[in-house]
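Work through these exercises with the model open beside you. Try each task before reading its solution.

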Amino acid sequence: MPLPKAELHLHIEGTLEPELAFELAARNGVSLPYGNTDALREAYRFGDLQSFLNLYYELMAVLRTERDFEDLADAYLARAAAQGVRHAEMFFDPQAHLARGVEMGTVVEGLWRALGRSRERHGVSTRLIMCFLRDESAESALATLDAAKPYLDRITGVGLDSAEVGHPPVKFREVYEAAAALGLRRVAHAGEEGPPEYVTEALDVLGVERIDHGLRSVEDPALVERLVRDRVPLTLCPLSNVRLRTVDTLADHPLPAMLDAGLMCTVNSDDPAYFGGYAGDNFDAVRRTLGLTEERLRELARNSFLASFLEDDEELRARYLAEVDGYAFPAA
Ligand code: HPA
Ligand SMILES: [Zn+2]
């Protein structure tokens, strides 16, 4: 049995495996510029965030109907459950779909068909976090929030993703204020490729409760001190960092030093279909390559539940934490 954990940094569109992409392409009469799944996998060699995003947005063309989004989420939840994920807070990128003529309702209702039965079917509780694309305008983000208003009972929070450098958090001050006024929780990607100043700005200007990635925070000792003091969760994604060349190799990943510094780190998969592994694979990789002890792994799992948006179900959170505390690691 794998270590129980929550996944807090997961783009549902990034769980689109090549096999499902071809199945949906056939179902919807969409042609992909790749002959087969092997040819598509060959394209998964990324030089940076942008080269990944180009493929990520291109493949979304196969997602058209509620059933497509349902199948996508259901496939993720099954894989995640098998790797010990008990709770998943899932990002989605409505602007990437609206731009293709796929309505907000199609996306949210489709995802909800899978999420609504996830606890019974997969034993995984879920939350939805709607992301704004930071390389789109602030006006587009506001219009997206507006389009989401009929679905706010299904959306727990807002996030900020896509190409980071040149798109500082301050650009989205107004839409985050509006989201807060609607009672939505706030997170943002910061310090993945962008500088530590973006992390500070996300906290100060957008009022975020968690930082997605936050890797480059380590370059600013005063920021690290603040993140430790305020116990700001960082949703790290080690295999993503390797594939997008944010770190040279996994052995160079600063996770152990970040834990030693007292940062509240979590380990997540980001876009598992593209980056070579789901949540459990990320845990296994850091355990093996970075030599994390069982107590460190348990700390990461505890952090994931402590940092999750389970305030509306503290009983469930307590149950998950008890499972982590009682977990017996298999003999090596
Ligand atoms: O890793 C990511 N970073 C930024 N935007 C994204 N959108 C999907 N995945 C990512
Ligand atoms: Zn991400």
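This is a predicted model: local features need pLDDT of at least 70, side-chain atom pairs count only at pLDDT 80 or more; totals for chains, interfaces and linings use all residues.

**Exercise 1. Decide whether glycine 29 is buried or exposed.**

Solution. Count the C-beta neighbours inside 10 Å: glycine 29 has 7, so it counts as exposed. The scale runs as follows: buried means 20 or more other C-beta atoms within 10 Å, exposed means 12 or fewer, and partly exposed lies in between, with C-beta atoms placed from the backbone. Glycine 29 sits in the loop between α1 (18-28) and α2 (37-42). Helices (H or I, at least four residues) and strands (E, at least two) are DSSP runs, numbered from the N terminus.

Residues are numbered from 1 along each chain as its sequence is written, while chains are lettered from A and ligands numbered from 1 in the order in which they are written.

**Exercise 2. Describe how α8 and α9 pack.**

Solution. Two packed helices are described by the angle between their axes and the distance between the axes. Start with those two values. The axes of α8 (residues 138-148) and α9 (residues 173-181) come within 8 Å and cross at roughly 15°. Axes here are lines fitted to C-alpha atoms, for helices over the stretch in contact, and angles run from 0 to 180 degrees between N-to-C directions. Now name the arrangement: α8 and α9 are therefore roughly parallel to each other. The classes are roughly parallel under 35 degrees, roughly antiparallel over 145, roughly perpendicular from 65 to 115, and oblique for the rest.

Then list the contact. From α8 come Ala138, Ala141, Leu142 and Leu145; from α9 come Glu174, Val175, Ala178 and Ala179. Two residues are in contact if their C-beta atoms, placed from the backbone, lie within 7 Å. Sorted by class, the contact of α8 with α9 has seven nonpolar, no polar and one charged residues. Nonpolar covers Ala, Val, Leu, Ile, Met, Phe, Trp, Tyr, Cys and Pro; charged covers Asp, Glu, Lys and Arg; the others, Gly among them, are polar.

**Exercise 3. Find which residues of α9 are buried, and what covers them.**

Solution. The buried residues in α9 are Val175, Tyr176 and Ala179. Look down the axis of α9: these buried residues fall within an arc of 100°, so they line one face of the helix. The arc is that of the directions from the helix axis to the C-beta atoms. The cover includes β3 (125-133), α8, β4 (157-161) and β5 (185-190). Just after α9, glycine 183 takes a positive phi of about 85°.

**Exercise 4. Locate histidine 213 and aspartate 270, and give the phi of each.**

Solution. Most residues other than glycine have a negative phi. Histidine 213 has a positive phi, near 75°. Histidine 213 belongs to strand β6 (residues 210-213) and is buried, with 26 other C-beta atoms within 10 Å. Aspartate 270 also has a positive phi, about 70°. Aspartate 270 is in the loop between β8 (264-267) and α14 (272-275) and is buried, with 31 other C-beta atoms within 10 Å.

One link remains. Leucine 10, in strand β1 (residues 5-11), has Asp270 among its contacts beyond four places in sequence, including also Ala88 and Met90.
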